[in-house]
Amino acid sequence: MTAPASTPILYETPAPHVARVVLNRPETRNAQDTAFLYAFNDALDRAAQDDDIKVIIVAANGPHFSSGHDLRESDGHGAMRRHRTVETWSGFGKPGAEAQFAREKEIYIGFCERWRNIPKPTIAAVHGKAIAGGLMLMWPCDIIIAADDAQFLDQTVAMGVGGAEFFMHPWELGVRKAKEFLFTADWLDAAEAHRLGMVNHVVPRAELEAFTLAMAERIAKKPLFALKLVKEAVNAAQDAQGRRSAMQTSFALHHLAHAHNMIAHGKLVDPSGLMGPMATKANAAKTAAE
Ligand code: ZN
């Protein structure tokens with residue numbers, strides 16, 4: 001059955017004990033507006049709270065995994081008030097930096113943290129492009145399977161901001177490659193992402209769904225409580241390296257950049273770096289060819 005295009009997130013159960021949450025705004029290349037992110041969060045909560053589900057797959061419909069945050073959303077702060085927040089942030093209509101700080105605490109860094117800590121294995125199946133906020137739908141997952149056509153980009157420096165909000169770059173890529181990735185705002189392809197350890201496997205595009213499901217079914221044969229415990233142990237090892245406190249710093253610097261851009265340009269980002277949702281100046285020629 002084909003779901004209506006207005007359903008931004010699909011929830012499927014493709015095998016026993018396996019849930020699949022599918023990004024379904026292909027007409028926008030799965031751009032993330034407020035409603036999309038709450039729907040995604042609700043779907044993950046549903047899978048997390050269903051004791052029959054042991055493994056959660058995150059996949060995408062359309063040519064690309066996600067083009068990132070939907071910069072065309074006209075009233076993101078107003079939209080916040082149409083949802084029941086999952087954290088305790090408020091002040092979404094406040095002036096100055098307050099509303100944006102609250103919004104990003106809730107739906108960007110807050111959501112990503114809680115998705116990372118879902119006490120069940122999560123697997124992202126990524127194809128096409130994943131840009132900036134797009135990375136924030138895959139990096140919180142435990143395992144990432146990339147199609148051979150997958151490409152990754154964080155062009156936020158070109159837009160006057162120092163990296164996407166969920167600042168996992170140093171842990172995902174290593175310190176040197178994280179700097180190169182951010183400084184140049186160049187694409188990272190699936191093979192290089194695999195070499196760096198950012199993705200677990202690269203498979204032909206046509207095999208992505210079956211490969212991911214087979215792995216999910218293999219994991220789903222294990223006892224769920226042991227899966228929960230070992231996930232928490234690995235996450236704790238990463239947090240013992242200072243991940244959380246480092247991310248508090250990067251998030252504060254991210255908001256310094258937003259505040260700076262509001263003063264300098266009247267926008268959260270430097271408009272000279274905005275070349276459309278799938279392109280930066282550096283990558284415009286490459287993207288225009290597609
Ligand atoms: Zn931001």
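This is a predicted model: local features need pLDDT of at least 70, side-chain atom pairs count only at pLDDT 80 or more; totals for chains, interfaces and linings use all residues.
## Basis of the model

Residues are numbered from 1 along each chain as its sequence is written. Local features need pLDDT of at least 70, side-chain atom pairs count only at pLDDT 80 or more, and totals for chains, interfaces and linings use all residues, while side-chain values use heavy atoms, with hydrogens and water left out.

Because Glu 165 lies in the loop between strand 7 (151–153) and helix 5 (169–173), and His 254 in helix 10 (residues 243–265), the pair ties together parts that are 89 residues apart in sequence; helices (H or I, at least four residues) and strands (E, at least two) are DSSP runs, numbered from the N terminus.

Glu 165 is buried, with a relative accessible area of 6%, and His 254 is buried at 3%, where buried means under 20%, exposed over 50% and partly exposed in between (1.4 Å probe, protein chains only).

## His 169

His 169, in helix 5, is buried with a relative accessible area of 0%. Leaving aside neighbours within four places in sequence, His 169 is in contact (heavy atoms within 4.5 Å) with residues including Trp 139, Asp 154 and Phe 181.

Six strands form an open sheet in the order 1-2-3-4-6-9, with mixed pairing, two strands being paired if DSSP finds at least two bridges between them. The edges are strand 1 (9–15) and strand 9 (201–203), each of which pairs on one side only.
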